[in-house]
Amino acid sequence: MVMQSGENAVAALEIHQFPCLDDNYGYLIRDRETGATAAIDTPDAAAIRSALDRKGWRLDFIWNTHHHGDHAGGNLALKAATGCRIIGPRADVARIPGIDDAVGDGDTVMLGSRKARVFDTPGHTRGHIVYVFDEDRAIFTGDTLFAMGCGRLFEGTPDQMWHSLQKLLALPDEMRVYCAHEYTQKNAHFALTVEPGNAALAARVGEVDRMRANGLPTVPSTIGRERATNPFLRPDSAALQSALGLSGAPLTAVFAEIRQRRNVY
Ligand code: ZN
Ligand code: FE
């Protein structure tokens with residue numbers, strides 16, 4: 001049997017990943033022991049329902065990362081169809097359709113026997129949260145951290161986003177990063193413009209180009225790969241600082257300059 005990317009038949013936490021809309025990923029996650037099932041965000045209710053049907057899974061929960069339409073737009077339709085319970089960011093209860101339980105930094109959310117910690121990661125939106133499965137080595141980062149990129153700062157400052165990303169940098173290298181968009185190829189080519197001498201980055205760009213040419217997903221990544229190649233996690237790199245003309249500048253200022261350049265790339 002050929003496994004699709006993101007699937008693991010023996011894992012305690014099953015993760016089913018599928019494309020939604022133009023460049024989003026939908027995720028259904030399931031505790032193998034109890035069968036408890038959650039959708040991470042709801043980019044497209046119809047696509048999520050057909051994924052549930054294909055897997056033969058029943059939806060118990062929606063876990064939202066933030067309020068944007070390509071993340072919470074399917075909440076009400078899925079809740080009406082399945083009676084699922086909706087968990088989302090405490091700092092944004094007014095903007096999460098159908099929310100039942102509000103969570104934030106330091107909270108723990110259970111999916112059957114599997115345990116996730118919640119981190120507040122403001123920056124992309126002021127209420128953004130991520131879900132960290134320490135034991136299962138998986139993190140769902142929404143629009144905070146992308147493969148070789150990070151979310152745009154719609155509602156936060158560079159300082160807030162850099163603080164949010166540092167929480168993720170503290171996680172172990174082997175942690176798998178399930179982000180909400182397939183933005184990797186453009187991120188990769190941008191990254192080369194600000195850190196052209198990074199050999200790990202250059203190798204990864206070639207790999208990403210090959211994967212995309214073959215229609216393969218580049219997600220999940222890992223914290224280790226991001227630590228080595230994602231410019232938004234590397235404002236402390238002397239080579240990167242020098243390329244930006246910001247040698248010795250505060251890391252927040254370096255981060256802000258990278259974000260600004262990416263906005264217009
Ligand atoms: Zn968003
Ligand atoms: Fe998004």
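Rings of Phe, Tyr and Trp (for Trp, the six-membered ring) are taken as a pair if their centres lie within 6.5 Å; planes under 30 degrees apart count as stacked, over 60 as edge-to-face and the rest as tilted.

## Basis of the report

This is a predicted model, in which local features need pLDDT of at least 70 and side-chain atom pairs count only at pLDDT 80 or more, while totals for chains, interfaces and linings use all residues. Residues are numbered from 1 along each chain as its sequence is written, chains are lettered from A and ligands numbered from 1 in the order in which they are written, and side-chain values use heavy atoms, with hydrogens and water left out.

## Aromatic residues

Under the ring rule, the count comes to 12 aromatic pairs. Phe-133 and Phe-140 form an edge-to-face pair, with 6.1 Å from centre to centre and 80 degrees between the planes. Both Phe-133 and Phe-140 are buried (under 20% relative accessible area, with exposed over 50% and partly exposed in between; 1.4 Å probe, protein chains only). One aromatic cluster is formed by Tyr-25, Tyr-27, Trp-63, Tyr-131, Phe-133, Phe-140 and Tyr-178.

## The iron site

Asp-70 (OD), His-71 (NE2), Asp-143 (OD) and His-181 (NE2) coordinate the iron ion (ligand 2) at 2.1 to 2.4 Å. Donors are N, O and S atoms within 2.8 Å of the metal (3.2 Å for Na, K and Ca); water is not among the atoms, so sites may look incomplete. Asp-70 and His-181 are buried. In sequence, the spacing of the iron donor residues is D-H-x71-D-x37-H.

The iron ion (ligand 2) lies 3.2 Å from the zinc ion (ligand 1), and Asp-143 coordinates both.

## The open sheet

Six strands form an open sheet in the order β1-β2-β3-β4-β5-β6, and the pairing is mixed. Strands (E, at least two residues) and helices (H or I, at least four) are DSSP runs, numbered from the N terminus; two strands pair if DSSP finds at least two bridges between them. Because β1 (13–20) and β6 (101–103) stand at the edges, each with a single partner strand, one side of each is left without a neighbour in the sheet.

Strands β3 (residues 37–40) and β4 (residues 61–63) run parallel and are joined by three bridges. Ala-39 has Ile-62 as its bridge partner in β4. Helix α1 (residues 45–55) packs on the sheet and touches β1, β2 (24–31) and β3, its direction making about 135 degrees with that of β1. Contact means heavy atoms within 4.5 Å; axes are lines fitted to C-alpha atoms, for helices over the stretch in contact, and angles run from 0 to 180 degrees between N-to-C directions.
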